[in-house]
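Have your viewer open and your selection tool ready. We will walk through this model stop by stop, with something to select at each one.

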Amino acid sequence: MRQFFGIALRYWRGRARWRAWVLTITVLVFIAAQTGAAVGINRWNRWFFDALEKRDVGAVWATVGWLPFLLGAAALSMSGLVVSRMLLQVRWRENLTRRLAGWWIADQRYYRLGFLANNMTAPEYRIAEDVRLAIEPLVELAIGLISAFVTAATFAAILWQVAGSAEFALGGTTIVIPSYMALAAVVYAVVASLAAYFAGRPLVARVAHKNEMEAQFRAEMTRLRENAESIALIRGDADERSSAGKSYGHVVAAWLRIVRQQGVIALVLNTNAALFPIVPLLLIAPKFLSGDVTLGAVVQVVAAFSAVQAALIWFVDNFVRLAEWFASVTRVDELMEEIEALDIGTIMDKDTGIELGESDDGAIHLDNLSIAHSNGRVVLADATVTIAQGAKALIAGESGSGKSTLIRAIAGIWPWGSGSIRVPAGQSIAFVPQKPYLPKGTLRTILLYPDADRVVTDEAVLAALQRCGLSYLAKKLDAEEDDWDRILSGGERQRVAFARLLLQKPDIIVMDEATSALDEESQASLLNLFQEELAAATLISVGHRPGLEDYHDQKITLERRPAGAHMTSRRLRKSLWRLFRSRGADNEDERPEPYDSP
């Protein structure tokens with residue numbers, strides 16, 4: 001757990017350390033107050049039962065008069081402890097979640113982790129849920145452990161003082177056991193704790209396995225939801241039902257193993273619960289019968305013994321929670337180790353990885369570029385090409401030749417390989433994938449994404465919508481937030497991506513099958529943007545559809561080979577007939593369409 005605590009405990013050393021220490025000290029103060037209230041109630045019990053034994057009415061009522069103050073102190077200390085504990089849990093979890101989520105998201109680790117950590121299931125669940133399950137019980141367990149230690153020490157002193165020593169004769173010799181009640185509580189607690197440990201030790205691995213099976217089942221259901229349309233179209237219901245049933249069968253099997261182990265643990269815990277109130281009575285009974293202690297002392301000793309014993313068997317009472325907590329810590333720690341390994345691998349690969357640099361002539365240069373998969377298999381070998389400023393380059397090649405991987409390398413999110421990629425310094429770059437990402441929000445938000453706070457006039461936004469064939473959405477520009485990724489079709493999402501380009505006007509545009517969901521005329525209309533409104537931009541695009549060459553002046557072809565794809569580049573001549581037809585279609589789309597201003 002060194003890795004987990006190494007990051008989690010930074011809460012007390014980071015920017016929010018003053019809050020962490022204030023909350024920690026507050027929790028400790030309320031623990032002390034709660035223990036003090038418990039000691040007060042313990043002494044009250046002795047006074048009350050001594051007064052009853054003496055039948056002293058005045059003493060009884062005097063004792064009762066202290067009860068509201070003791071109960072008030074106990075209630076306030078418990079309430080304060082609950083509030084301060086929950087605040088510490090919330091703030092500590094917030095700190096660790098922000099740190100871990102930021103670490104995961106930064107530098108595209110969330111993307112690269114999918115290639116390197118194939119066994120890392122649901123990292124987002126580990127951050128969102130396992131961090132909570134690692135922090136919240138940890139605070140409660142730590143408070144419980146501190147309270148148990150303080151309670152055990154305090155009430156052991158009461159046992160030492162009130163119960164005294166035990167004397168008995170053995171073979172004519174008088175044997176004296178000092179503070180026998182405190183020693184008995186310790187011995188009892190040790191025996192109960194060892195029994196719980198050996199009964200519950202296998203539970204840790206079984207809980208961890210159960211959590212892993214649960215995560216895999218959730219991932220299976222998420223995959224089904226995300227691919228619902230494709231599965232429904234090919235009538236894959238039966239296969240998916242079988243797969244889901246098999247996945248959930250693993251969850252059930254994992255739970256059954258936990259149930260069996262819980263049965264063993266329950267046997268130990270229930271035996272302890274039955275003996276718990278009886279043992280102190282049996283131990284103190286001889287002294288009461290001999291007249292060495294009063295009835296009030298008996299009640300006080302029994303309560304003190306129970307408090308000491310309950311504190312010392314804290315491990316027994318919390319073994320199951322400790323197992324659950326440790327399983328969650330393990331899952332969080334696994335994520336930390338994978339991210340750390342990813343960072344170490346990136347550092348070690350810097351000398352042999354793809355070098356990203358800046359060009360001073362406005363062109364994009366790929367020099368001796370080789371791209372490999374994370375397992376070392378070469379995808380592209382020794383490619384050298386120059387894409388001039390303002391050029392429109394089309395990347396083509398058969399499926400599996402590495403076109404999309406080349407796009408990822410140019411984007412800087414694919415580090416595996418060698419050679420260099422140099423892009424112009426200070427120029428803005430926009431990437432348009434086949435399925436553009438649409439965040440949840442207003443239509444204006446998704447059009448301006450990722451810079452949603454940028455100030456753009458309504459006229460510019462509406463003009464972009466109309467130019468890209470989305471003028472019918474103008475009324476919803478600033479309507480309530482919605483899930484546009486679900487509402488819009490594939491073609492509409494791609495049109496939104498082009499509208500973004502019109503509003504951003506980037507210097508370099510990189511597209512990967514960005515018009516695959518559009519009909520030929522719509523594709524022609526949108527690609528004409530690179531001859532008109534976006535003519536100054538450098539374009540790099542991947543595509544297979546016929547007619548794309550007419551909108552580009554350079555074609556980069558990848559030819560798949562066993563040792564890695566071979567790259568060639570040539571200039572393109574436009575088909576005048578195709579260009580005339582495309583411009584005609586574009587003029588049709590540019591006819592004014594009425595729209596209502598939002």
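Predicted model: local features only at pLDDT ≥ 70, side-chain atom pairs only at ≥ 80, totals over all residues.

Residues are numbered from 1 along each chain as its sequence is written, and side-chain values use heavy atoms, with hydrogens and water left out.

**Stop 1: a helix**

Select residues 203-226, which make up helix 7. Helices (H or I, at least four residues) and strands (E, at least two) are DSSP runs, numbered from the N terminus. Helix 7 has 24 residues and reaches 34 Å from first to last C-alpha, close to the 34 Å expected at 1.5 Å a residue; that expected span is 1.5 Å times one less than the number of residues. Now show side chains: buried ones (under 20% relative accessible area, 1.4 Å probe, protein chains only) include Leu 203, Val 207, Met 213 and Phe 217.

**Stop 2**

Next, colour the open sheet of 4 strands, ordered 3-7-4-5 with mixed pairing. Its edges are strand 3 (355-359) and strand 5 (378-387), each pairing on one side only. Two strands pair if DSSP finds at least two bridges between them.

Zoom in on strand 4 (residues 364-372), which runs antiparallel to strand 7 (residues 417-424) and is joined to strand 7 by 5 bridges. Here Leu 366 stands opposite Ile 421, and Asp 367 stands opposite Ser 420. On to strand 5: strand 4 pairs with strand 5 in the antiparallel sense over 6 bridges, and Ile 371 has Leu 380 as its bridge partner. How many residues of strand 4 are buried? The count is 7 of its 9.

**Stop 3: the empty spaces**

Rolling a probe the size of a water molecule over the atoms shows where empty space is left. On a 1 Å grid over the protein atoms alone, a cavity is a set of points where a 1.4 Å probe fits but cannot get out, and a pocket is an open set with protein on both sides within 12 Å along at least five of seven lines; lining residues have an atom within 4 Å of a point.

Select Pro 433, Lys 435, Pro 436, Tyr 437 and Leu 438: of the 44 residues lining the largest pocket, these lie nearest its centre. Helix 7 from our first stop is among the elements that each supply at least two residues of this lining.

Key: Buried < 20%, exposed > 50% of the residue type's maximum accessible area, 1.4 Å probe, protein only.
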